[in-house]
Amino acid sequence: MLHVYWTRLEETDTLAAHEPSLRTFPAWLQQKVHRHRTARAALASFWGYRLLQLATAHWPQPVWQALTTDYWGRPLLNHSAYDFNLSHSGNCVVCALHQNGRVGVDTQGQAHPTRLKPAYQTLFQPHEWTRLCQDPTSFTDLWAQKEAVAKADGRGMAAYPHIWLRGAMASVLDTGTRWVLTPLALDSAYRTYVATPDTGTGFLHRVQHKDGSFRMDTTLF
């Protein structure tokens, strides 16, 4: 089962406003949040882990007790049937939680480069690069898809040259793994995709927050 939690950062929102919630994080995670270079990035980082905290609020133990990283530095939940992944871009923050399977999620603001850098070509398959050259506006869409798969794979950008995108499916050529790409209709200003090993029903939870309180609206996708 797939659960996707997301929120939109308000322009007036600050990390200081969430200090009570931040103090429930372990000290090392609080430090990680504060290490971000800008206040906005720190706020987005906080909300990524806050969404994970809300998603696992029904667990008998705090999620932090299971939180660790693998060889590639990818966060994961140790000794758990669940995998999770975080993404943020601009004012959009997303947390995907998947039971009995890896998951990757990526959200990107709908901007595209005015000129495709030659270095990008090494990150795309020939048919993907042809599409980009013909339609540069597809860059954000392809990048979000590829990043979601790379994060599910676990290697990040090291996996990019091996990822083959084809419609709603993706293959990682050097490992033989296959992924299903599902678009998420979150905010019209962003392109968001989640990569999972198979298709299935998912739940989309929108978290709206103000003045320290929040409400959650849930829909099926």
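Which element gives the most to the lining of the largest pocket? The answer is E4, with 5 residues, and the sections below place this strand among the other parts of the structure.

## Basis of the model

This is a predicted model, in which local features need pLDDT of at least 70 and side-chain atom pairs count only at pLDDT 80 or more, while totals for chains, interfaces and linings use all residues. Residues are numbered from 1 along each chain as its sequence is written, and side-chain values use heavy atoms, with hydrogens and water left out. Helices (H or I, at least four residues) and strands (E, at least two) are DSSP runs, numbered from the N terminus.

## The largest pocket

The largest pocket has a volume of about 450 Å³, where a volume is the space filled by probe spheres set on grid points joined across faces, edges and corners. A pocket is here an open set of points on a 1 Å grid over the protein atoms alone, where a 1.4 Å probe fits, with protein on both sides within 12 Å along at least five of seven lines, and lining residues have an atom within 4 Å of a point.

The lining is made up of 22 residues, of which Tyr49, Pro75, Leu86, Ser87 and Lys151 are the closest to the centre of the pocket. At least two lining residues come from each of H3, E4 and H5.

## Helix H5

Helix H5 covers residues 139-153, and its 15 residues should span 21 Å at 1.5 Å a residue, a figure that agrees with the 21 Å between its end C-alpha atoms; the expected span is 1.5 Å times one less than the number of residues. Because 15 of its 15 residues are buried, H5 is largely enclosed by the rest of the structure. Buried means under 20% relative accessible area, exposed over 50%, and partly exposed in between, with a 1.4 Å probe and protein chains only.

Just after H5, Gly154 takes a positive phi of about 105°. Asp153 forms a salt bridge with Arg155, with the closest N and O atoms 2.7 Å apart; a salt bridge is a side-chain nitrogen of Lys or Arg within 4 Å of a carboxyl oxygen of Asp or Glu. Asp153 is buried at 16% relative accessible area, and Arg155 is buried at 19%.

Asp83 counts as buried at 6% relative accessibility, as does Arg74 at 5%, whereas Arg102, at 30%, is partly exposed. By the rule given above, the count comes to 8 salt bridges.

## Nonpolar cores

A nonpolar core is a set of buried Ala, Val, Leu, Ile, Met, Phe, Trp, Tyr and Cys residues joined through side-chain atoms within 4.5 Å. Within the largest core, which has 28 residues, Phe46, Trp47, Leu52, Trp64 and Leu77 touch the most other members. Helix H2 (27-34), H3 and strand E5 (92-99) each give two or more residues to this core, and the largest share, 10 residues, comes from H3. A second, separate core of 24 residues includes Ala144, Val149, Leu181 and Ala195.
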